[in-house]
Amino acid sequence: MTDLVLENVHKNFGGVVASNDVSMRVPAGRITGLIGPNGAGKTTLINLITGMLSLSSGKVLFGGHDISAEPADRVARAGMGRTFQNIRLQKEASVLANVMIGFHRHETCSLIAAILGLPSSRREDALLRQKAMALLGRFGMAGDADSPAGSLAYGHQRKVEMMRALATDPDLILLDEPVAGMNDVEALQLGRIFRELADEGKAILLIEHNMRFVQELCDHVYVLDGGRLIAEGTPRDVVADPAVITAYLGEE
Amino acid sequence: MDTLLSFRPLFDLFLIHLGFAYSQYIVLRAGAFSIGNVGLSAIGAYTAAILTVNYGLPLPVTLLAGALAGLAFGTLLAIPLARLRGVYQAIASLAFVQIVLSANLYAENVTGGAMGFSGIPKLVGTGTLLVFALGTIYVMLAISRSRLGRAFDAVREDEGMAVSLGINAARTQAIAYMISGLLAGLFGSLEALHSYAVEPNQFGFHLIIVILSYVVLGGRRSVWGPLVGVALLIALPEISRPLADARIMIYGLILMVVMNFMPRGIVDTLVARRARRRSRAANPEVRQAEVKG
């Protein structure tokens, strides 16, 4: 089972502590929530986990291996997929092309075959096209396959990012505010897909502002404020925690 | 028939410059702002010329040697450029072109210095050029439809995104430099064995501007972009003879106008426009979303 474990993860930018001694566990087969007010350091933590930022101290263990010092592309190839808070798509490329790039780490044809357009390269291209179409079907977006990704509505662009992350067939998915800009129906529909993925044995770390969504979906929630974990537990316990209420609403 | 024959030198020029344009296109497609390919063409040209004249090696061997020399130096160039991005990459690669140019000027006993290297037999005709040009277009199309083309596009559009999908950006761009070097070296060799003589300044700032104009005017994403760019810019001075003398000035003007009004180049602009129109026809609600958004 590929669990993600953070041990005393610490990051400071000069004198500013962005992540203060954070330890947490994101087990396979579960949806783990990460919440906290704006500027709490949630995205910084994701960037530390995925190797986009380097740790000042502490450890990130993924499936038992220490990946703290690995570059981001190797972390991704180890089986970690993510979406971005500020959507990052190839805006002019088609939705299909945007999803197909996600299969990159599983492509097997040789470089020479790709350069010379040998049958193995063409077969792989056709196969990935099919697999990408199947993913589009699962997210109800088969009709948008040829649209430029940048022309889609905001919520749909988020879905394209998710399909791309899923195409990498990750063991752990980090979702940075996946339902921002979506209505409740769309969010619910996505929630169902997240649950299916967890049931398949994937670990999911969900960063979200939508508390209702977190309460419905997450098995366990961590609360971050000022770079420090201030609470953890079931969603119900966490929202009742006085420290969490203070962090979100201020002191009385 | 006579009129057709009189266009032959122009067609040869078109085919050679098509190869140069693709050696530029492939690095830009991978998101690397290198113009080092012009220096690599010089290396290929001198390699082929020297091996032919001084050592009497046959055409296939000299062409292969020129292409491999381009590939080798392209690979070396990738190492320092991998640490740089954007305009710094461009400046460093320009420095490389200058280094090659100066080396060819100073190594007089090997290269003939400023006088150039002459007495090269004309071993390459329109047929050979056509074969290599068509082969290049085929390879570019094959790359476009492969994992490599997808990786190039991802790295160019957003390196952080590409990396989050497991793509090694430095390695991907290094592959682009190698393909670019191979093409630059090959078409440099063809140029040398087609035009009787080569001289250092032929592969300098002037050629950089010409090649960039092709790719900027035609487009940097679609494989057909460079083809359209080369065809238009080579035909233009011929259609209007008085323009021929001011060729480089016209190119500069076109560059400035295109960058302002069609920054993606002719082909890429048309392709994007068509895709947008088609997706609107298929999906009326997308238009609403766009209007709202």
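## Helix α7 of chain B

In α7(B), the buried residues are B:Leu129, B:Phe132, B:Ala133, B:Thr136, B:Met140, B:Ala142 and B:Ile143. Buried here means 20 or more other C-beta atoms within 10 Å of a residue's own, exposed means 12 or fewer, and partly exposed is in between, with C-beta atoms placed from the backbone. Helices (H or I, at least four residues) and strands (E, at least two) are DSSP runs, numbered from the N terminus. The buried residues of α7(B) pack against α4 (111-116) of chain A, and also against α2 (8-29), α8 (147-157) and α10 (169-192) of chain B. For packing and touching, the rule is that two residues are in contact if their C-beta atoms, placed from the backbone, lie within 7 Å.

The length of α7(B) checks out too: its 19 residues (126-144) should span 27 Å at 1.5 Å a residue, and the end C-alpha atoms are 27 Å apart, which agrees. The expected span is 1.5 Å times one less than the number of residues.

## What you're looking at

This is a predicted model, so local features need pLDDT of at least 70 and side-chain atom pairs count only at pLDDT 80 or more, while totals for chains, interfaces and linings use all residues. Residues are numbered from 1 along each chain as its sequence is written, and chains are lettered from A and ligands numbered from 1 in the order in which they are written.

## Where the chains meet

How many residues of chain A are in contact with chain B? The count is 37 residues of chain A against 33 residues of chain B. On the chain A side, α2 (72-77), α4, α5 (119-138) and α6 (154-167) each supply at least two residues. That side divides into 15 nonpolar, eleven polar and eleven charged residues. For these classes, Ala, Val, Leu, Ile, Met, Phe, Trp, Tyr, Cys and Pro count as nonpolar, Asp, Glu, Lys and Arg as charged, and the others, Gly among them, as polar.

## Helix pairs in chain B

Two packed helices are described by the angle between their axes and the distance between the axes. The axes are lines fitted to C-alpha atoms, for helices over the stretch in contact, and angles run from 0 to 180 degrees between N-to-C directions. Take α4 (59-81) and α5 (86-106) of chain B: they pack at about 140°, with axes 10 Å apart. That makes α4(B) oblique to α5(B); angles under 35 degrees count as roughly parallel, over 145 as roughly antiparallel, 65 to 115 as roughly perpendicular and the rest as oblique. B:Leu77, B:Pro80 and B:Leu81 of α4(B) meet B:Gln89, B:Ala92, B:Ser93 and B:Phe96 of α5(B), a set with five nonpolar, two polar and no charged residues.

α4(B) also packs with α10(B), at about 145° and with the axes 7 Å apart. This contact has 14 nonpolar, eleven polar and no charged residues, and the crossing is right-handed. Then there's α2(B) with α12(B) (224-239), whose axes come within 9 Å and cross at roughly 140°. These two are therefore oblique to each other, again with a right-handed crossing. Residues of α2(B) in this contact include B:Leu10, B:Phe14 and B:His17, while α12(B) brings, among them, B:Pro226, B:Val230 and B:Glu238. By class, that contact has twelve nonpolar, three polar and one charged residues.

## Loops and a strand residue

Most residues other than glycine have a negative phi, and most peptide bonds are trans. A:Glu177, in the loop between β7 (172-176) and α7 (184-199) of chain A, has a positive phi near 50°. B:Tyr196 also has a positive phi, of about 70°, and sits in the loop between α10 and α11 (205-218) of chain B. A:Glu177 is partly exposed because it has 18 C-beta neighbours inside 10 Å; B:Tyr196 counts as partly exposed with 13.

Over in strand β4 (57-62) of chain A is A:Lys59. Which residues does A:Lys59 contact, leaving aside neighbours within four places in sequence? They are A:Glu7, A:Asp66 and A:Ser68. A:Lys59 and A:Leu6 are 53 residues apart in sequence but 6.0 Å apart in space, C-alpha to C-alpha.

Terms used: A crossing is left-handed if the near helix is turned anticlockwise from the far one by less than a right angle, and right-handed if clockwise.
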